[in-house]
Amino acid sequence: MKKIVFFTALAMLIVGCASSLKQLQRGNYDEAVQTAVRKLRVDPTDQEQIQVLDKAYLLANQQDHDRIKFLKEEGNPYNWDEIFEKYSNLKTRQTLVSTVLPLQLNDQIIDYEYIDYDSEIIQAKQKAADYFWNNANELMKKEIGRASCRERV
């Protein structure tokens, strides 16, 4: 029994200590950013973590911006919920990274420009709520009972 507990704890420790570089290589940019920030809070001069953070942060933001652009161009009102989520991710990531900025990578100072996402978040949230409200009202008009509508939403 003691061996099982020991090996379980050891496995959790190994899985929990995944490096930010491995996360970056796997395409888990948000996890790479979180791990790098956590390590930079301990040692703000760790050049490897600064490089990983810089690359992962820029790639994660680019992915979110590309996805938002695509969803807006698609024009489907159902997409506003995902757009809201992406803008929220951008703001959360920016807030997290700002806790360790500015950083010095060799002779270069890394300090990202602050972008205010609040108006985009509010707009996307309102449009998502409007879509879901209108969709629910249409279902209520078409369906016989509320129970049927709950199943479809």
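A: Happy to! Lys 86 lies in helix α5, where helices (H or I, at least four residues) and strands (E, at least two) are DSSP runs, numbered from the N terminus. This is a predicted model, in which local features need pLDDT of at least 70, side-chain atom pairs count only at pLDDT 80 or more, and totals for chains, interfaces and linings use all residues. Residues are numbered from 1 along each chain as its sequence is written, and side-chain values use heavy atoms, with hydrogens and water left out.

Q: Is Lys 86 buried or exposed?
A: Lys 86 is buried, with a relative accessible area of 17%. Buried means under 20% relative accessible area, exposed over 50%, and partly exposed in between (1.4 Å probe, protein chains only).

Q: Which residues does Lys 86 touch, leaving out those up to four places away in sequence?
A: Asp 64, Arg 67 and Ile 68. Contact here means heavy atoms within 4.5 Å.

Q: Which residues of α4 are buried?
A: The list includes Asp 64 and Ile 68, along with Ile 50, Leu 53 and Tyr 57. Among the elements covering the buried residues of α4 are α3 (29-42) and α5.

Q: And how many residues does α4 have?
A: Helix α4 (residues 47-74) has 28 residues. From first C-alpha to last, α4 reaches 41 Å, close to the 40 Å expected at 1.5 Å a residue. That expected span is 1.5 Å times one less than the number of residues.

Q: Back to α5. At what angle does α5 pack with α6?
A: About 155°, with the axes of α5 and α6 (residues 118-142) 8 Å apart. The axes are lines fitted to C-alpha atoms, for helices over the stretch in contact, and angles run from 0 to 180 degrees between N-to-C directions.

Q: What do we call that arrangement of α5 and α6?
A: The two helices are roughly antiparallel to each other. Angles under 35 degrees count as roughly parallel, over 145 as roughly antiparallel, 65 to 115 as roughly perpendicular and the rest as oblique.

Q: New topic: where is the cis peptide bond?
A: From Leu 101 to Pro 102, with omega near -5°. Pro 102 sits in the loop between α5 (80-98) and β1 (103-105).

Q: What about Asn 106, what is its phi?
A: Asn 106 has a positive phi of about 55°, although it is not a glycine. You'll find Asn 106 in the loop between β1 and β2 (108-110).

Q: Buried or exposed, that Asn 106?
A: Asn 106 counts as exposed, at 55% relative accessibility.
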